[in-house]
Amino acid sequence: MSHAFNRALLGNPSVLHFAAGAMAALLAITPAPAATAPAELKASDYAGAGTLVRLNSGRALDIRCIGTGYPTVILTAGAGEQSLTWRSLQSELAKTTHVCAWDRAGFGFSDPSPEIQDTEHTTRDLEAILSGAKISPPYVLVGHSLGSYETLMFSFHHAKEVAGVVLIDPSAPFQTQRLKAAAPATYAVIDGYQQKQVADLKSCIGWLGEKANDSLVAANCISPPDPAYPESLQHAVAQWEHNAAAQKNVLSLLESIFNGRDSQELKASWKHLDAMPLIVLTAGAPPPVPLQGEAKMQLPKLQSEWSKMHDEIAALSTHGTNRVVSGATHYIYLDRPAVVLATVREVLAGIN
């Protein structure tokens with residue numbers, strides 16, 4: 001999802017994400033290796049696909065790789081975000097190594113999928129796109145928010161292929177239940193935003209499918225053109241936002257978070273990752289939600305439980321650590337990009 005659309009339709013993404021994160025046989029054809037572009041990405045590059053990997057089902061998944069070096073860094077976005085969100089960080093990392101950002105089904109130039117968008121299915125797509133694009137391990141996996149689910153699931157299934165992991169304010173198993181128990185009043189406010197966001201998305205899907213009132217769709221579901229984007233990218237974003245099948249994948253992704261399906265799947269695969277380098281970055285600033293009374297008083301308990309969950313994720317490795325990033329909201333890679341860049345390079349330096 002475009003960053004602009006994510007904020008326009010889903011409200012404040014920090015609220016949504018904070019409270020929400022060997023497949024070669026599937027390939028009908030094997031494309032050439034993912035193209036290595038110069039170590040810089042322009043906004044206009046996202047007006048077209050990077051490398052499309054065609055699956056046996058006929059679906060295509062998009063992955064964009066730039067830079068050269070070893071090992072390859074794989075970037076997985078949070079719920080509601082597509083590879084465009086990584087443009088600046090990817091360009092910086094690509095100055096010293098090979099970096100790839102991929103799009104889930106229905107995001108960017110990846111075709112929509114008729115399957116449920118839970119962690120099992122999205123991780124299979126990640127496996128398929130790496131295999132189909134011939135991106136060889138080992139990998140350093142970087143996941144933001146919900147992107148922690150695919151990142152961890154892939155690491156559990158392919159530990160020998162993963163050289164290191166960086167998780168940016170990650171989602172955690174059963175976070176909904178835990179946050180609600182820790183700070184019920186605070187969580188009730190956040191959940192109100194969540195329920196409205198999902199309801200609005202369902203309405204937009206209905207309007208897009210019916211095409212009954214184009215002006216209503218435009219007013220409520222389509223983000224205004226971003227003046228920072230070239231016209232070609234504005235057109236690409238508009239095409240994506242008008243795709244009802246793509247938006248159904250977004251809805252399925254969100255529902256799999258909120259109904260606990262993702263948590264159950266991830267915990268079923270949960271295992272220790274031995275001495276794998278694993279760094280968790282936790283937002284030091286609270287989610288920017290207007291709070292009053294008891295909800296405001298309970299906010300520290302909510303933040304404490306959030307950090308505790310991140311401690312538990314870091315404990316998956318004997319070389320795991322959880323670091324609180326002061327002054328950063330959920331979007332640490334946008335608020336404090338130098339911290340994220342330095343963290344990924346720290347992991348890379350320990351490998352090379």
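Where is K134 found? In this predicted model, K134 is found in the loop between α4 and β5.

K134 has a phi near 55°, which is a positive value in a residue other than glycine. Its relative accessibility is 48%, so K134 counts as partly exposed; the cut-off for exposed is over 50%.

The loop that holds K134 also contains P138. A cis peptide bond joins P137 to P138, with omega at about 5°.

Which peptide bond involving Y70 is cis? The bond that joins Y70 and P71 is cis, and its omega is about -10°. P71 sits in the loop between β2 (60-66) and β3 (72-76).

S145 is placed in the loop between β5 and α5. Phi of S145 is near 55°, again a positive value in a residue other than glycine. With 0% relative accessibility, S145 counts as buried, whereas K134, at 48%, counts as partly exposed. As background, most residues other than glycine have a negative phi, and most peptide bonds are trans.

## Helices α4 and α5

Two packed helices are described by the angle between their axes and the distance between the axes. For helix α4 (residues 119-132) and helix α5 (residues 147-157), the axes come within 9 Å and cross at roughly 70°. That angle falls in the range of 65 to 115 degrees, and α4 and α5 are therefore roughly perpendicular to each other. Their crossing is right-handed.

On the α4 side, the contact is made by T119, E120, T122, T123, L126, E127 and L130. On the α5 side, Y149, E150, M153, F154 and H157 take part. Sorted by class, the contact of α4 with α5 has five nonpolar, four polar and three charged residues.

## Helices α6 and α13

Helix α6 (residues 175-182) and helix α13 (residues 299-314) have axes that come within 8 Å and cross at roughly 145°. The crossing of α6 and α13 is right-handed. Helix α6 contributes Q175, R178, L179 and A182 to the contact. Helix α13 contributes K301, L302, E305, W306, K308, M309 and E312. These residues divide into five nonpolar, one polar and five charged.

E312, one of the contact residues of α13, has a relative accessibility of 36% and so counts as partly exposed. The C-alpha atoms of E312 and N322 are separated by 8.9 Å, and the two residues are 10 apart along the chain.

## Helix α9

Which residues of helix α9 are buried? In this helix, which spans residues 231-241, the buried residues are L233, A236, V237, W240 and E241. Seen down the axis of α9, these buried residues fall within an arc of 130°, so they line one face of the helix. On the other side of α9, E231 and Q239 are exposed.

Methods:
Residues are numbered from 1 along each chain as its sequence is written. This is a predicted model: local features need pLDDT of at least 70, side-chain atom pairs count only at pLDDT 80 or more; totals for chains, interfaces and linings use all residues. Side-chain values use heavy atoms; hydrogens and water are left out. Buried means under 20% relative accessible area, exposed over 50%, partly exposed in between (1.4 Å probe, protein chains only). Helices (H or I, at least four residues) and strands (E, at least two) are DSSP runs, numbered from the N terminus. The arc is that of the directions from the helix axis to the C-beta atoms. Axes are lines fitted to C-alpha atoms, for helices over the stretch in contact, and angles run from 0 to 180 degrees between N-to-C directions. Angles under 35 degrees count as roughly parallel, over 145 as roughly antiparallel, 65 to 115 as roughly perpendicular and the rest as oblique. A crossing is left-handed if the near helix is turned anticlockwise from the far one by less than a right angle, and right-handed if clockwise. Contact means heavy atoms within 4.5 Å. Ala, Val, Leu, Ile, Met, Phe, Trp, Tyr, Cys and Pro count as nonpolar, Asp, Glu, Lys and Arg as charged, and the others, Gly among them, as polar.
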